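Hi everyone, thanks for coming. I'd like to walk you through one structure today, so please have a look at it with me.

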Amino acid sequence: MKPIHVNLVAETEHEKDNLSKVLAHAEELVKVPTVEAVAIMPDACPAGHAPGTIPVGGVAKTGNAIHPGMHSADVCCSVALTNIGQVDPALVMDAAFDSTHFGMGGRDYADQVPVPESILRGFKSNTFLAPLVCDAVAHFATQGDGNHFLSVGTLESTGDTVIVTHHGSRKPGAMLYKRGLEEANRFMRDLGIHKQVPKHNAWLDYNSAEGREYWDALQIIRLWTRASHFSIHNMIAEKLDVGVFNDRFWNEHNFVFRRDGSFYHAKGATPSFRGFSADDQGKTLIPMNCASPILITSHADAPNGLGFAPHGAGRNFSRSQHLSTIAGRSAEQVIEDEIGDIDFRAFNGKLDLSELPSAYKSPAKVREQIDEFGLATVIDTIRPYGSIMAGEQYQPWKEKKRGPKPDAQMSAG
């Protein structure tokens with residue numbers, strides 16, 4: 001029997017329903033021939049309706065196989081921190097708003113940020129990434145939408161001001177995922193098992209030329225994403241004339257990690273083992289919501305977590321479910337009740353109420369379960385000062401039935 005390690009305690013009826021759905025997916029997931037074990041994190045929630053879809057807050061250990069569907073289209077979604085010292089966080093928020101870029105699409109040509117040449121060479125030399133060079137340039141130093149954010153806060157330990165960003169590999173990563181999943185399903189057809197393996201759980205053999213090329217592409221897209229985070233941080237620091245950083249580190253939580261000959265597919269799960277990457281500094285970030293402290297943790301390498309920890313608080317409700325729970329109250333009242341005096345900004349000017357703290361699980365409970373299951377060790381926290389998100393996005397595919405888009409949302413792209 002393949003193990004399913006459950007690191008989640010459900011107390012309310014809603015939490016129990018959520019856990020039962022997560023377990024139903026996990027039980028299907030372990031039926032995939034390559035999967036050796038699955039771990040469920042305290043922030044787990046379902047990530048789709050197709051049976052066997054790896055949950056958010058899930059980790060799947062496989063043999064010699066890479067599953068593009070298990071890291072999802074937001075490949076290398078990650079968080080990065082830069083400590084800029086004793087700088088007024090109010091000034092940092094203004095500089096951050098002027099430096100970052102949220103919303104659909106990339107930066108306008110005149111506003112594009114240079115991509116390191118070594119990374120562009122990597123794109124050009126990889127068959128999966130070569131067609132994506134223009135996207136790599138346009139989407140560099142952008143943050144997208146959804147739950148991605150730029151946070152400014154202060155360290156509990158020193159009072160230093162820090163910048164934390166959350167985003168993935170944007171369009172280049174989404175297209176890499178698409179091309180990888182197509183190649184994986186072609187491999188399933190070549191093996192004659194395409195009718196037995198769900199398309200979303202198809203895999204590439206690491207020993208094949210395509211498998212190695214895809215693995216190499218993942219490493220390149222990882223470097224691109226890391227550079228994208230820190231380019232935004234550097235732009236903020238330059239505006240503030242900050243020349244020295246007290247600290248800087250990052251970690252991905254939607255990725256594939258290789259360890260002792262096995263592959264670990266993390267879908268919304270933070271690595272918590274030494275050497276998870278070449279630039280591992282022994283520290284990782286676990287954000288909760290825009291009004292709660294961000295956890296800085298050290299590695300615990302818990303076997304029951306397959307060496308991983310949660311990537312955040314996890315959603316309590318879908319976006320539509322959450323909006324229904326706050327219906328009847330004004331946006332101003334909801335925001336005041338939930339975030340108080342935190343400087344919460346929408347890049348496009350219209351706050352997305354589906355990203356408020358009440359949409360997420362209790363940060364206190366998630367932290368308790370991190371401790372209870374020994375998934376990571378909290379070594380510091382970041383007190384929130386302000387947060388920037390994309391805001392409510394204009395969705396053109398919905399406007400065919402609703403008519404022209406309102407002017408207030410036109411700047412989102």
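Let's begin at G374, a glycine that comes after helix α9 and has a positive phi, near 65°. A word on where these values come from: this is a predicted model, in which local features need pLDDT of at least 70 and side-chain atom pairs count only at pLDDT 80 or more, while totals for chains, interfaces and linings use all residues. Residues are numbered from 1 along each chain as its sequence is written, and side-chain values use heavy atoms, with hydrogens and water left out.

Now back to the helix. Which residues of α9 are buried? In this helix, residues 363-372, they are V366, Q369 and I370. Buried means under 20% relative accessible area, exposed means over 50%, and partly exposed is in between, using a 1.4 Å probe and protein chains only. Looking down the axis of α9, the buried residues fall within an arc of 110°, so they line one face of the helix. That arc is taken from the directions from the helix axis to the C-beta atoms. E368 and E372, on the other side of α9, are exposed. And what do the buried residues of α9 pack against? Their partners are β2, β13 (283-286), β14 (294-299), β15 (308-310) and β17 (376-389), where contact means heavy atoms within 4.5 Å.

Strand β2 takes us to a sheet. It is open, with five strands in the order β1-β2-β3-β11-β10 and mixed pairing; two strands pair if DSSP finds at least two bridges between them. β1 (4-6) and β10 (254-259) are at the edges with a single partner strand each, so one side of each has no neighbour in the sheet. β10 pairs with β11 (residues 262-267) in the antiparallel sense, over six bridges. In one of these strands, β11, A266 is the bridge partner of F255.

Last, the cysteines. C45 is buried, at 12% relative accessible area. C76 is buried too, at 0%, and its sulfur is 8.4 Å from the closest cysteine sulfur, in C77, which is too far for a bond.

Methods. Helices (H or I, at least four residues) and strands (E, at least two) are DSSP runs, numbered from the N terminus. A disulfide is a pair of cysteine sulfur atoms within 2.5 Å.
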